[in-house]
Amino acid sequence: MLDATEQRVLGSLLEKEITVPGSYPMTLNAVRLACNQSSSRDPVVDYDDEVVQATLRSLKDKELVVLTWQGAGSRVVKYAQTFAQRRGLGPDERALLTVLLLRGAQPAGALKTRTERLHAFADRAEVEQCLARLAGAEEPLVRELPRQPGQHDTRWIHLLGPVDAGDDRPVEAPTVDRDAVLADGTDARDAKVRATYATVAAAYADTLSDELDDLPFESWLLRRVVELAAPAPVIEVGSGPGHVTAFLAAAGADATGLDLTPEMVDEARRRHPGVTFEVGDLRRLLRPATHDGWGAVLAWYSLIHLAASELPDALGALVRPLRPGGWLVLALHAGAEVRPVREWFGHEVDVEVVLHDAGDVLALLDAAGLRDVEWYLRGPFAARGETTQRFYVLGRKP
């Protein structure tokens, strides 16, 4: 039976062994930072070295942690967990227990999203099957809590020690299935996206071509990206009618726009004849022909139709063609919702917009190896008809 501190330390070791294997086994300082990080943790804690060291010693006494000295003559003690091996956990079981240790009681839908970096479950049903297997073992490792009044889904807890079941906590919002947009497959979703943007291309461009004039923060951020990327070229993926790419070019960047929809590219070329625009898929982004990589890749509201399970691969595709020191820049709608859109810019359409969790996106950037990550979250501008929080994040490729 593990107390709360032991649970946090063990969960952190289990997580980092998978997400940052190059830094594993972990030093005392690395374990402390992993325990205290503000993303993907509930509750957030502030352990000092003394607490973490005592906890590691306790876990070692329980034969759940081992000490090692890596490298000839090394005097730095590093720590590794042995729990997963001792219990013979599969990658799926290990992923679920890790997230339960780090974030407390959770429904199956949330577990599917929050385990993406550790193990890719095909769907929610696969998560529930794994939980049932863990609950039905000779020595059960998880338990399903009774549904509380007003809750959309039942929640699960691990059985490795006392857990605050949170029965007196405020009722949590219904779990969002961000993979629902793939119900008919990736190709069908992509076809809907292309058809939607082809339909609204001209009206979209007419309405938003000068929007940056009323967005001082976004204009500042884009000019800063130009400065960070110089002198290497930059590319905006999902460039739509081209006004953001044109802004980058006017600010001094060697800027290219890339969009999945030919009609949008046609609008961009017509409205901004001095800027390069191409038809292409951000998931298959190549390096520029004349440089060793992009100085910056901007996905400016171009990930809003992707399912949560698609984000890791999509971000990887955007990071790979960056030059060393290049920047990935994202703009997203933040939240926990999948919004159907049936009318847009005066046209009938059929598409869904996915609001992603800001903490989950930051965790994915960390898993992708980006450094110097900074992020900004602003509320909606009611005067512009906005109804979502806007999330902006930058990360540098080492």
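Begin by selecting E236 together with G257, which is its bridge partner in β8, and keep in mind throughout the tour that the model on your screen is a predicted one.

**The seven-stranded sheet**

Now show the whole sheet, which is open, has seven strands in the order β9-β8-β7-β10-β11-β15-β14, and is mixed in its pairing. If you colour β9 (276-279) and β14 (371-378), you have marked the edges, where each strand has a single partner, so that one side of each is left without a neighbour in the sheet. Turn the view to follow the strands across, and note that the twist from one strand to the next averages 15 degrees.

Then select α13 (residues 358-367), a helix that lies across β11 (322-334), β14 and β15 (389-396), and that runs at about 10 degrees to β15.

**The three-stranded sheet**

Move to another open sheet, in which three strands follow the order β4-β6-β5 with antiparallel pairing. Its edge strands are β4 (106-107) and β5 (142-144), each of which pairs on one side only. To look at one pairing in detail, select β4 with β6 (residues 155-158), two antiparallel strands joined by two bridges, and then pick out P107, which stands opposite R155 in β6.

Select L13, V31, L56, F83, L96 and L131, the residues with the most contacts inside the largest nonpolar core, which has 41 residues. Several elements give two or more residues to this core, among them α1 (4-19), α2 (28-36), α3 (49-61), β3 (78-81) and α5 (91-103), and α5 gives the most, with six residues.

Which residues does L56 touch, if those up to four places away in sequence are not counted? Display the side chains around L56 and you will find V9, L13, L28, V31, V65 and Y79.

Finally, select V200, L222, A296 and Y392, which are included in a second, separate core of 35 residues.

Methods
Residues numbered from 1 in each chain as written. Predicted model: local features only at pLDDT ≥ 70, side-chain atom pairs only at ≥ 80, totals over all residues. Heavy atoms only, no water. Core = buried A, V, L, I, M, F, W, Y, C linked by side-chain atoms within 4.5 Å. Buried < 20%, exposed > 50% of the residue type's maximum accessible area, 1.4 Å probe, protein only. Helix = DSSP H or I, 4+ residues; strand = E, 2+ residues; numbered from the N terminus. Contact = heavy atoms within 4.5 Å. Pairing = 2+ DSSP bridges. Axes fitted to C-alpha atoms, helices over the stretch in contact; angles between N-to-C directions.
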